Amino acid sequence: MKLISRPLHGRFVRLEPLAADYKEDLRDACDADPEIWELFSNSRAGEHFNPWWDRVVNGGGDPPWLLFAAYLGGRCVGVTGFAPERAAGVAMIGATYFRPEARGGPANAESKRLLLAHAFESGARRVSFNVDVLNKRSRAAMTKLGAVQEGILRQASITWKGRARDEVVFSILADEWPSVRERLDVRLDRFAAFAAR
């Protein structure tokens, strides 16, 4: 499996690989909901943005994350992408954040659609998601997506606030992708029909 850093475009959303051109747009999006960062491993709001940006874009980690700025209607509404590959053929989607007004609309659904298609078309056999056990919105979104809940990793990480974070693990296997894709396409068709009214 080889995930390529390239723009991904859908009907509503375009995902742009993180680059300097998108830095200030993304900073503005991350500042839109300062309270949400309590649920994340790290904060990207306020003074925390530059260190995070430097780590994921300039430093990149070893191996690096493959992250995208998410644009909806020409406006940056958040970020999402792939964690470093942990095993051959396994991708993990994470680091996902959307500003409040973009939640519940097509942004998250189409971003997941684009990332999942990219992963499975690149040869993934499994795509996983680790969600904070306290993040009820994200857990519900995973269930709605059709991902299978595998279990809970207790105290899997420590957040930037020092809380031991329990993570709910969800996954989609390659042979499950067609039904998940169909479910996402139906949702996106509904958004398109609503927008056309």
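Helices (H or I, at least four residues) and strands (E, at least two) are DSSP runs, numbered from the N terminus. The structure described here is a predicted model, in which local features need pLDDT of at least 70 and side-chain atom pairs count only at pLDDT 80 or more, while totals for chains, interfaces and linings use all residues. Residues are numbered from 1 along each chain as its sequence is written, and side-chain values use heavy atoms, with hydrogens and water left out. An open sheet of 8 strands runs through the description below, in the order S1-S2-S3-S4-S5-S6-S8-S7 and with mixed pairing.

**The sheet**

- Two strands pair if DSSP finds at least two bridges between them.
- The edges of the sheet are strand S1 (8–9) and S7, each of which pairs on one side only.
- S1 and S2 are antiparallel and share 2 bridges; leucine 8 stands opposite leucine 15 in S2.
- Strand S4 (residues 75–82) and S5 run antiparallel and are joined by 4 bridges, and glycine 78 is opposite phenylalanine 98 in S5.
- S5 pairs with S6 in the parallel sense over 3 bridges.
- Valine 90 faces arginine 126 in S6, and methionine 92 has serine 128 in S6 as its bridge partner.
- Serine 128 also has a bridge partner in S8, namely serine 171; S6 and S8 pair in the antiparallel sense over 7 bridges.
- S5, H3 and S6 form a right-handed β-α-β unit (right-handed: with the strands pointing away from the viewer, the path from the first strand over the helix to the second runs clockwise).

- Buried means under 20% relative accessible area, exposed over 50%, and partly exposed in between, with a 1.4 Å probe and protein chains only.
- S6 is largely enclosed by the rest of the structure, because 7 of its 7 residues are buried.
- From S6, Arg126, Ser128, Asn130 and Asp132 point one way, and Val127, Phe129 and Val131 point the other way.
- S5 is mostly covered, with 8 of its 9 residues buried.
- Glutamate 16 belongs to strand S2 (residues 13–17) and counts as buried because its relative accessibility is 10%.
- Apart from neighbours within four places in sequence, glutamate 16 is in contact (heavy atoms within 4.5 Å) with Pro7, His9, Tyr22, Leu67, Phe68, Ala69 and Tyr71.

**Pockets**

- On a 1 Å grid over the protein atoms alone, a pocket is an open set of points where a 1.4 Å probe fits, with protein on both sides within 12 Å along at least five of seven lines; lining residues have an atom within 4 Å of a point.
- A volume is the space filled by probe spheres set on the points, which are joined across faces, edges and corners.
- The largest pocket holds about 1100 Å³ of space.
- It is lined by 46 residues, of which Phe40, Ala95, Thr96, Tyr97 and Ser138 are the closest to its centre.
- S5 gives the most to this lining, with 7 residues.
- By class, the lining of the largest pocket has 22 nonpolar, 13 polar and 11 charged residues (nonpolar: Ala, Val, Leu, Ile, Met, Phe, Trp, Tyr, Cys and Pro; charged: Asp, Glu, Lys and Arg; polar: the others, Gly among them).
- The second largest pocket has a volume of about 280 Å³, and 15 residues line it, with Lys2, Leu3, Pro64, Leu66 and Glu85 nearest its centre.
- S5 supplies the largest share of the lining of the second largest pocket, 3 residues.
- The lining of the second largest pocket has 12 nonpolar, 1 polar and 2 charged residues.
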